[in-house]
Amino acid sequence: MSEKAIEPIHQFNIVKYFTFGNFGGNGSEGSGMEIAFTNSALFMLLTLLAASAFLILSTRGRGLVPGRMQLMAEMVYEFVANMVRSSAGTEGMRFFPFVFTLFMFILVANFFGMVPYFFTVTSHIIVTAALAVLVFLVVVIYGFMRNGAKFLKLFVPPGIPWFIIWLVVPIEIISFLSRPLSHSLRLWGNMLAGHIVLKVFGGMVVALLGAGAWGVVAILPFGMAVALTGLEFLVAALQAFVFAVLTCVYLNDAIHPGH
Amino acid sequence: MANSSHSDGPDPEREARDRSRSLAERIAGARRETMVAEASAEFRQREMTGMGRAFRFAAEFVAAIIVGAGIGYGIDLLLGTRPWAMIVLLLLGFAAGVLNVMRAAAEMNADVSVGTASSSQVLDDDDD
């Protein structure tokens, strides 16, 4: 019997393939920032290539009557376009390329994570936080560019008496600042939890099979793992959708701060 | 004879081809639209599952508390007023968390009615 422990979080390890060097710091051990090409970077690159290849190749024919692949690409386009239009209005369509890129990146990265031995880019909070902060900065910068100081109306709900307002404004500001955090937490939490649970049930199957006569019971966690795999595919698509919808909702605030 | 049929009057064969082609195009467009509408409705509905809602509320609530406490801690470090700013902003963070959860709930409730309305609107929408 092998004593190799089953580590459900081993799959999230970052592996450095090669390094670009150490930047900053004072030369002592551990100071500065090492910039390396990791497995996470590799899968981000693969995600980018796969998403681009899918869209470019499927629309190359430009058939008026779309083929199967083109129909899929057009459906994704229409899906995101509907989402932007219903959440951020027609004016929000100027952000369509942004939202579409985010959606495709997260969707493909999540689906890549479902392939055995592949790394799940979105299971690291630094990645989802970077995406969420990007959205946050776009909202803040565009909001101020478009509305000027009127953007601050977002923090002052109408119809509040003056003796309450000094309490409400800080609350609104904290609520606004918490958006990138909750935005990134949801994607990250769902992906991380799902993959750990899958690994745990998979590990149970292996452990039970190694336990002689008890191996018969392994059918139970195996069935669970199969069911969870199906669920995880759904979660992968759903979380990409949720991330994109929230992006649209936040962009709507930048476009119409007064509600 | 062959010449005249080429120049005057519409070529019936080509016209039929064009017509069937535009028909196929419209069928493809309509099919695409219904599929998209169904997928959106399905996704919105799936987000409404107990697990999805619970996760959303938890994230919204916790995020505001962490941000409030973090800002308070930062102010304390800057002004040396430990622990007062953190206490006050932690409490404000709780309030902001409750506000976030209330907004999320209102959004979900609105989504249920808007979701059905917008999917039927997509079907009616001819062309845009």
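Trainee: What makes the reach of H3(B) close to the expected one?

Mentor: H3(B) has 30 residues and runs 44 Å from its first C-alpha to its last, which is close to the 44 Å expected at 1.5 Å a residue. The expected span is 1.5 Å times one less than the number of residues, and helices here are DSSP runs (H or I, at least four residues), numbered from the N terminus. This is a predicted model, in which local features need pLDDT of at least 70 and side-chain atom pairs count only at pLDDT 80 or more, while totals for chains, interfaces and linings use all residues. Residues are numbered from 1 along each chain as its sequence is written, chains are lettered from A and ligands numbered from 1 in the order in which they are written, and side-chain values use heavy atoms, with hydrogens and water left out.

Trainee: Why is Arg56(B) called buried?

Mentor: Its relative accessible area is 5%, and buried means under 20%, exposed over 50% and partly exposed in between (1.4 Å probe, protein chains only). Arg56(B) therefore counts as buried. Other buried residues of H3(B) include Ala59(B), Glu60(B), Ala63(B) and Asp76(B).

Trainee: What makes Glu91(A) and Arg146(A) a salt bridge?

Mentor: Their side chains come to 2.6 Å, N to O. Glu91(A) lies in the loop between H2 and helix H3 (96–113) of chain A, and Arg146(A) in helix H4 (residues 125–147), so parts 55 residues apart in sequence are tied together. By the same rule, the count over all chains is seven salt bridges.

Trainee: Which salt bridge joins chain B and chain A?

Mentor: Glu172(A) pairs with Arg103(B), the closest N and O atoms being 2.8 Å apart. Helices H2 (12–47), H3 (50–79) and H4 (84–124) of chain B each supply at least two residues to the side that touches chain A. H2(B) gives the most, with 15 residues.

Trainee: How do you know how much area chain B and chain A bury?

Mentor: They bury about 3200 Å² between them, 71% of it on carbon and sulfur atoms. Buried area is the accessible area (1.4 Å probe) lost on being put together, summed over both parts. The contact (heavy atoms within 4.5 Å) takes 36 residues from chain B and 33 from chain A.

Trainee: What does Val65(A) touch, leaving aside its neighbours within four places in sequence?

Mentor: Val65(A) is in contact with Arg21(B), Ala24(B) and Glu25(B). Val65(A) lies in the loop between helix H1 (39–58) and helix H2 (68–88) of chain A. Its relative accessibility is 38%, so it counts as partly exposed.

Definitions and conventions: Buried area = accessible area lost by both parts, 1.4 Å probe. Salt bridge = Lys/Arg side-chain N within 4 Å of Asp/Glu carboxyl O.
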